[in-house]
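Q: I have a structure open on my screen and would like to learn how to read it. Could you walk me through it feature by feature?

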Amino acid sequence: MSNNKQRTFFGGLYGSDSIDFVKGLVYIYPFGVIGKQNNNTVKPHAHNNQFQIFLLIQGETLLLYQREKISVRGPSIIIIPKNTEHGFEHLGEQKGWIISFSDAVLEHMIKREADVISALETFRIIQVTSGEYSESIFQTMLNCIQEYKGKQTGRLLMLEYIAGQIIVQLNRLPDNQQLSIFSNDNTSTIYYRRFTQLVRTSGTYKKTIEQYASEINITTGHLSRICRAVTGKSPKEIIMDVYIAEAQLQLSDIEKSINEICYSLGFEDPSYFARVFKRKVGISPNEFRKERNIKS
């Protein structure tokens, strides 16, 4: 957990600093359990590494956002982009799920379809209505949960496919089927978004913070203050998150040696790459591959 200007960030779900993403991509947990453990109140907090979907199937909760309490009843979908402060006050029993996607991995998956990136950046509430497009999205999310819980052949590939499908469907959702949309386009957010876009497209870990700041036409100090205000992290940590997420994808899917992946991402020293990877992921690149039955 980190605290920045009275904003609380968690690296995992509420109250936790870690999260066990399947294939570095997705983690699913029942909705309402964490609230019960905290007297039905989840205090306002944010995540700087996750895009979250709250699937409320039955029940009612109060969504806490910018000192407001917004009533949400099932069936509904709540979309929470990373760095977006939110909390809950649960009213009675809830039935539902929390789908957490690694934001960096999702952004990598859709980088060829830049137009749909807004689906990852829009905080909204969607009331699910029978026969409307919202019902199709709801069903796709249920399919994601079913696939996550199952053990069928090709599970990881299917989860990637469904994640992409969810993002495209959210992007295509008609405006009149969204109960609420909350934008956060202040100056700091715009600079931060530009910075992360440059990081994702640079192709190399070697690029310096000074180079990024120069391209955005701000000082390195200003960039650092923006990153910490928006995410609670330094620019270096954000760059590291993006490239370690990319490393996980390459280690999972591409027939390259660990050293080849290290050099292709701009790391000059395989030992340093391995140390950074283990610090961020919890295991070494070699152990990561062994867990997935991939030869090094």
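Q: Where does Asn217 lie?

A: This is a predicted model, so please read every value here as computed from it. Asn217 lies in the loop that runs between α6 (209-216) and α7 (220-231).

Q: What is the phi of Asn217?

A: Phi of Asn217 is near 65°, which is a positive value in a residue other than glycine.

Q: Is Asn217 buried or exposed?

A: With a relative accessible area of 69%, Asn217 is exposed, because the cut-off for that word is over 50%.

Q: Which loop holds Asn83, and is Asn83 buried or exposed?

A: Asn83 sits in the loop between β7 and β8. Its phi is near 70°, again positive in a residue other than glycine. The relative accessibility of Asn83 is 8%, so Asn83 counts as buried.

Q: Which residues does a cis peptide bond join?

A: Gly74 and Pro75 are joined by a cis peptide bond, with omega at about 0°. You will find Pro75 in the loop between β6 (68-73) and β7.

Q: Let's turn to charges. How many salt bridges does a search of the whole structure find?

A: The general idea first: side chains of opposite charge can pair when their charged atoms come close. Searching the whole structure gives 9 salt bridges.

Q: With which residue does Lys82 form a salt bridge?

A: The partner of Lys82 is Asp103, and their closest N and O atoms are 3.1 Å apart.

Q: Are Lys82 and Asp103 buried or exposed?

A: Lys82 counts as buried at 18% relative accessibility. Asp103 counts as buried too, at 2%. The cut-off to keep in mind is under 20%.

Q: Which residue pairs with Glu121 in a salt bridge?

A: That is Arg193, with the closest N and O atoms 3.2 Å apart. The pair links distant parts of the chain: Glu121 is in the loop between α2 and β9 (123-127), Arg193 is in helix α5 (residues 187-202), and 72 residues separate them. Glu121 is partly exposed, at 32% relative accessibility. Arg193 is partly exposed as well, with a relative accessible area of 24%.

Q: Which residues do salt bridges that share partners join into one network?

A: Start with Lys233 and Asp241, whose side chains meet in a salt bridge at 2.4 Å, N to O. Lys233 and Asp241 are both buried. Through shared partners, salt bridges join Lys233, Asp241 and Lys280 into one network.

Q: How far apart are Gln139 and Ile166 in sequence and in space?

A: Distance along a chain and distance in space are two separate things to read. Gln139 and Ile166 are 27 residues apart in sequence, and their C-alpha atoms are 9.8 Å apart in space. Gln139 is part of helix α3 (residues 133-149). With a relative accessible area of 41%, Gln139 is partly exposed.

Q: Now the overall layout. Which domains does the domain assignment give?

A: The assignment gives domain 1 (15-181) and domain 2 (200-292). Their centres, taken over C-alpha atoms, are separated by 26 Å. In contact across the interface are 10 residues of domain 1 and 13 residues of domain 2.

Q: What area do domain 1 and domain 2 bury between them?

A: The size of an interface is often given as the accessible area lost when the parts come together. Here domain 1 and domain 2 bury about 1100 Å² between them, with 54% of it on carbon and sulfur atoms. Lys23, Asn48 and His108 supply 42% of the area that domain 1 buries against domain 2, more than any other three residues.

Note on methods:
Residues numbered from 1 in each chain as written. Predicted model: local features only at pLDDT ≥ 70, side-chain atom pairs only at ≥ 80, totals over all residues. Heavy atoms only, no water. Domains from an automatic or database assignment. Contact = heavy atoms within 4.5 Å. Buried area = accessible area lost by both parts, 1.4 Å probe. Salt bridge = Lys/Arg side-chain N within 4 Å of Asp/Glu carboxyl O. Buried < 20%, exposed > 50% of the residue type's maximum accessible area, 1.4 Å probe, protein only. Helix = DSSP H or I, 4+ residues; strand = E, 2+ residues; numbered from the N terminus.
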